[in-house]
Amino acid sequence: MSPRALRRYVLIAFAVLLALMPQLPVPEFWITQANYIGLYTLVALGLVLLTGVAGLTSFGQAAFVGLGAYTAAYLTVTYGVSPWLTVWIGLGVTALAALVLAWVTLRMSGHYLPLATIAWGLSLYYLLGNIDALGKYDGLLGIPALKFFGIELNTGRSYFYLLWTLVLCATIALTHLLDSRAGRALRAVKGGTTMAEAMGVNTFRTKVTAFVLAALLASVSGWLFAHFQRTVNPSPFGLNMGIEYLFMAVVGGVGHVWGALVGASAVQILKDQLQVWLPKLMGTSGNYEMIVFGILLVLVLQYARDGIWAFVESRLPRVHRKVDWVDAPALASRPRPPHGEVVLDVNAVRKEFGGLVAVNDVSFQVKAGEILGLIGPNGAGKSTTFNLVTGVLPATRGEVRLMGQRIDGLPSREIARRGVSRTFQHVKMIAGMTVLENVALGAHLRGHRGFPSALLRLDRAEERSLMREAEAQLVRIGMGASIHELAGNLALGPQRLMEIARALCADPTLLLLDEPAAGLRHKEKQGLADVLRQLRSEGLSILLVEHDMDLVMGLVDRVVVMEFGTKLIEGTPDVVQASPAVRAAYLGTEH
Amino acid sequence: MDASIVGILMLDGATNGAVYALLALAIVLVFAVTRVIFIPQGEFVAYGALTLALLQLGRVPGTVWLLVVLALLAAVLDAVQRARRGVPLAQVIVAALKSLAIPALIVGVTLWAAPLKLPLVVQSLLTLAIVTPLGPLVYRLAYEKLADATVLVLLIVSVGVHFALTGLGLVFFGAEGFRNPSFWDARFSAGALSLSGQTIIIFLVSIALIVALYLFFERTLRGKALRATAVNRLGARLMGISTSGAGHLSFGLAAFIGALSGLLIGPATTMFYDSGFLIGLKGFVAAIFGGLASYPAAALGAIFVGLLESFGSFWASAFKEVIVFTVIIPVLLWRSFQHGHDDEEE
């Protein structure tokens, strides 16, 4: 049996087992436990998406659960609104709260969001506990049971089906999301924003979407919670519960969708046992399980940061992506500028860091179908120039034009959209994704399917075209054999080649390569040079920063030499190699 | 609301603000040096106040036993690490015993002194001696192994430590609250304002501590080493500064400041095992005013938080926590417009 089929059968067996559970003579206690696990899994799923995938975190998920639960409780108890309507109102209220929090914090570095969620979790708890209309700390009683096509879901067993159907749907939808254009963008955000933005990802919007999505999952859990318990009060929505949700996600495996289910189960069962045993041990009752949870959380992070599911995952056979894109339609490509036309015009750009002038009024042009080499000793300002052209850094002064249009001052993703694609001096990739998926990230701007179609799996046609393009670029660069490899397992040389394939996936007009040959073996360098010549003949413009002089001089049409942030000389390789000034810059002068 | 009420509220707010300022400084210090967002800062406040409360009753506080257990764990871990590096066994044992000497001394003194009900000041010093070493031990056991992890992972560790310390607080001190006696019972009145001796002590100690910290960072080598670590960990290490030592020192300072704050506010409010958390978080709100980086902005933020709290409890006492913690949103908004992207690569 193939690994893919095996996984599918295990999933079906699990679903069947779940479906049978309420029919079997399972004690009521375990049905209730299973229902709580389902409710918690929904919340933990959101945290997997946030923490494991997008590299953000929240301690305020319990407050979003509370928002969903209180909206449902208040509207049904006070105004008799149908629960099937309140769920949508709850989602709306939650989305609004999450948007405000995310919009305020996510422009800044990553630790402001969790801090804001702590404050938010506390505020909402005290707010719920002090509003008369919400029953203060006593909460609201007498919430009606849900009715589903006339069937009243007023027992644990009847509730079980609705709850677990939603849990399984959410889990599978998230699995789909991770395997999509939007999912790749989300993972790219985790490693910092520079690479993701260079691929055209709007990282701010991606992070906000992830946070809102996680909050919505929590809100649904709250709605279900209110109609399951039939009463709400502020205590299950406090900060401690918010921390416990994160604990579930971390213990289960914050990087894996199924880790949410495993973590919620493990923590719920452990908590129940601890609440039986610890008070006996201590002689009085109290939240002693906090101590165990706290210490366990620290130990998990110290010794098994990937959680329980990672152990399971590492023992399962790895599933290669099914090759279903062979006859997919090709992506639309950009018209190429006529040969010899000025593509990039850098005019007296300057970058100052405090008192240091890193790039001193440098000007040069790159024409269509030309490779321009940018060389100079270490610290000459080559990478800074790159960053000015690609919008990673704002220029202090000067103009950068692409095909006549000014691009200085634009964010990197806008520059990428106009046809500038790049690689990085220090490889920036998503180590846990396959080579193929990493490269497909480069074609981000050539697709348009977002979160909703990924969750509902409506993106497959586009996805096949993206994968076809990614594979084609990998084959072109000579990496067709390792498309299913995990990017993190590659040696440095192939990682650099993968970055070039990723950049090519964007169908650029101008390609910027930052030391592409570093770490390549001789054969690989020759292969790279051949590919670059081929690209040039297709009308691509390339700006190349490289230290391997044999490669540069044998490949480029013209060279710009920089030293101490200033342009020293520009000319053909022969002219530059003969220049005494260049020799002096590299080797020093004789006195 | 007349001028006298305004005066009373201002004084009250500034008093609490002074304590939040101390906590905010500790939070900024720990974050700058170790990148740890130290959520459990407030637990040390509770530990300080409640350890003193138990000493007042002539009982041995459970924090002493925590000190014993943590010191033993740290000693064992250190010993295993040294032995693995091939350090001779005799040296390993001597090092372990050395590291246990000070905790053993503190425990011995506490066991002897607790039933004697010594004067308040002596008990306060003993409290500081018990709680302060918990800081470096917590760093050693919870954070040091993860010193190079991302801010996010360290933050989650902090939350775990907060859980464990709060739960342990319940074990040590029980669920009931304590109020400590005042250090100075005198009262001074100026018009409608009445100034208690305790308030004066809070102001004096806060100012003294801020000055001492300033001198420590400006004038001493260890203080400068801490600042260097805060600026660039790798660079500091290359200059021969032990970043692990810097971590221990900053956590020691944080625990000391926490315990001291606990002693200062112990007479003004009833402390429960979990009261420290909210107090510490107000320090956090203050620290965020300075972007977890600026000491003066954090101190000003602390005074603002104190004032907001005292005026908030006058106008809408049930919602004072809501007001204090919601103010973080406009502060963050203001900071994000001021600084925009200060995104870090991790």
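What percentage of the 346 residues of chain B count as buried? The share is 46%, where a residue is buried if 20 or more other C-beta atoms, placed from the backbone, lie within 10 Å of its own, exposed if 12 or fewer do, and partly exposed in between. The model is predicted, and local features need pLDDT of at least 70, side-chain atom pairs count only at pLDDT 80 or more, and totals for chains, interfaces and linings use all residues. Residues are numbered from 1 along each chain as its sequence is written, while chains are lettered from A and ligands numbered from 1 in the order in which they are written.

Chain B has 15 helices and two strands; helices (H or I, at least four residues) and strands (E, at least two) are DSSP runs, numbered from the N terminus. The C-alpha trace of chain B spans about 75 × 55 × 35 Å along its principal axes.

Within chain B, helix H2 (residues 41-56) packs against helix H12 (residues 275-289) at an angle of about 130 degrees, the axes being 7 Å apart. Axes are lines fitted to C-alpha atoms, for helices over the stretch in contact, and angles run from 0 to 180 degrees between N-to-C directions. That angle makes H2(B) oblique to H12(B), since angles under 35 degrees count as roughly parallel, over 145 as roughly antiparallel, 65 to 115 as roughly perpendicular and the rest as oblique. Among the residues that meet are B:Phe44 and B:Val45 in H2(B), and B:Phe277 and B:Leu278 in H12(B).

Chain B also meets chain A: 46 residues of chain B are in contact with 40 residues of chain A, contact requiring C-beta atoms, placed from the backbone, within 7 Å. On the side of chain A that touches chain B, H5(A) supplies the largest share, 10 residues.

In chain A, A:Ile375 lies in strand S5 (residues 371-375). A:Ile375 is buried, with 25 other C-beta atoms within 10 Å. Beyond its neighbours within four places in sequence, A:Ile375 is in contact with A:Glu546, A:Val552, A:Val559 and A:Val561. A:Val561 is 186 residues from A:Ile375 in sequence, yet their C-alpha atoms are 5.0 Å apart.

Conventions:
Contact = placed C-beta atoms within 7 Å.
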